[in-house]
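Work through the exercises below with the sequence and the coordinates at hand. Each task is followed by a solution in steps.

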Amino acid sequence: MPSPARRHRVLIIGGGNGGLSVAGRLRRAGIQDIAVIEPREQHVFAPLQSYIAGGLARASQAGRPQASVTPRGVAWIRDRVVRVHPNDSSVELESGDRVGYEHLVIAVGLETRYDAVPGLEDAMKRPDGVSSYTLDLAAKASHALRDVRGGTVVFVQQPEPASAAGVSQKPMYLACDWWRARGVLAGIRVVFLSPEPAAFGIPAISSELQRALDAYGIESRFSARVREVRTGEVVIEQDGRTEVLAYDLLHAAPPQSPPAFIAASGLSDPADPHGFVDNDPGTLRSRRFANVWAVGDAATVDTLRSGGGIRPQAKVVTTNIRAALRAQSPTARYDGYSVCPITVSRRALVFAEFDGRGRLAPTVPGWKSLYRARRLSFLVDRHILPWVYWNLILKGRA
């Protein structure tokens, strides 16, 4: 096996939220020789895509050049990982280069799999197929949802595993609020298809979202899976029955999965059908390789995955890597905190915060009803958090 052409003290795969957060924190802690592998030139703040689809943000507000957001003093390797060789601590790149590491952080997100449902990928290429899970489709959704005046609009929530699956409901509520304000909602059949048994996995939050579903007159189909998409039709399986539902517009959140290189590199549990990194959910350290760590949606965690859970994970990984570099045992642990901000109108948002045991975990101690739909939560999520993301989180300051 050829020797790596270069080597770094800490090598991070993924230049998104988790990867840059860890890189920024390590640099601020004085760690030198950090590199991030990221093939994309544009960094996208994914949570803004739902607002773009709902008509409350512009596509130009969601992205910035990757070079401009990479923390100062951190090397950016613009390439794609095809395989990790953990036994000799190196990474193989698409270009054919190899990069060595002392510690490796896997901070990749989940990949959208429109191809996992027959016909879904082709549906997204037609005018009546949209989504909020890529920037181009979110921009397409904005115009398509805005112009609806009647017919049947179907919204599909993706099955687990997923990144903040409940967030896929945001464009639906934003669109319904828009249609109601324009006086056309009564003439639109809105159908919500979810593989889950309720609007959300935590009863209090589910009840809050159910109120919105009822208020808009949305036809909710729970425990329903989309098995196929045809031109103008979705094939649904629910309670052992198959149904064909015609639509005029389809908004679909696609199935998701970790990148294939994780399982191919022997970094996942062979018994895991999805191929997540086989790490300790608390320390986020690989159970198989002591110098491999995971953060973000491709990590094994005892909670629902979300971008909001990455911030505490980044703190844990940074603390534990610093300990490992000093030949100390990692003691910091991730408690499973996660958050799914879900807009229920164009001015109110449900701030769904919870821990790894499915209990409400409000950021403000003692404020148990923080999950209730509020104008303040909407303003924080839409206007304050993007600023915090670009200026503090990616720099390792928050």
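Buried means under 20% relative accessible area, exposed means over 50%, and partly exposed lies in between. The model is predicted.

**Exercise 1.** Determine how many residues of strand 20 are buried, and describe how the strand is paired.

Solution. 
- Strand 20 spans residues 338-343, and six of its six residues are buried.
- Ser338, Cys340 and Ile342 point one way from the strand, while Val339, Pro341 and Thr343 point the other way. Both sets are buried.
- The pairing is with strand 21 (residues 349-354): the two run antiparallel and are joined by six bridges.
- Strands 20 and 21 form a hairpin, with five residues between them.

**Exercise 2.** Classify Lys170 as buried or exposed, and list what it contacts beyond its neighbours within four places in sequence.

Solution. 
- Lys170 is found in helix 6, which covers residues 170-181.
- Its relative accessibility is 2%, so Lys170 counts as buried.
- With neighbours within four places in sequence left aside, Lys170 is in contact with Pro47, Ser50, Tyr51, Pro341, Ile342, Thr343 and Asp381.
- Of these contacts, Pro341, Ile342 and Thr343 belong to strand 20, treated in Exercise 1.

**Exercise 3.** Find which side chain meets Asp177 in a salt bridge, and compare the accessibility of the two residues.

Solution. 
- The side chains of Asp177 and Arg347 meet in a salt bridge, with 3.1 Å from N to O.
- This pair links distant parts of the chain: Asp177 is in helix 6 and Arg347 is in the loop between strand 20 and strand 21, 170 residues apart.
- Asp177 counts as buried because its relative accessibility is 3%.
- Arg347 has 44% and therefore counts as partly exposed.

**Exercise 4.** State how many salt bridges the whole structure has, and examine the one between Glu41 and Arg78.

Solution. 
- A search of the whole structure finds 24 salt bridges.
- In one of them, the side chains of Glu41 and Arg78 meet at 3.0 Å, N to O.
- The two residues are 37 apart: Glu41 sits in the loop between strand 2 (34-37) and strand 3 (42-44), and Arg78 in the loop between strand 5 (74-77) and strand 6 (81-85).
- Arg78 has a relative accessible area of 51%, so it is exposed.

Note on methods:
Residues numbered from 1 in each chain as written. Predicted model: local features only at pLDDT ≥ 70, side-chain atom pairs only at ≥ 80, totals over all residues. Heavy atoms only, no water. Buried < 20%, exposed > 50% of the residue type's maximum accessible area, 1.4 Å probe, protein only. Helix = DSSP H or I, 4+ residues; strand = E, 2+ residues; numbered from the N terminus. Pairing = 2+ DSSP bridges. Contact = heavy atoms within 4.5 Å. Salt bridge = Lys/Arg side-chain N within 4 Å of Asp/Glu carboxyl O.
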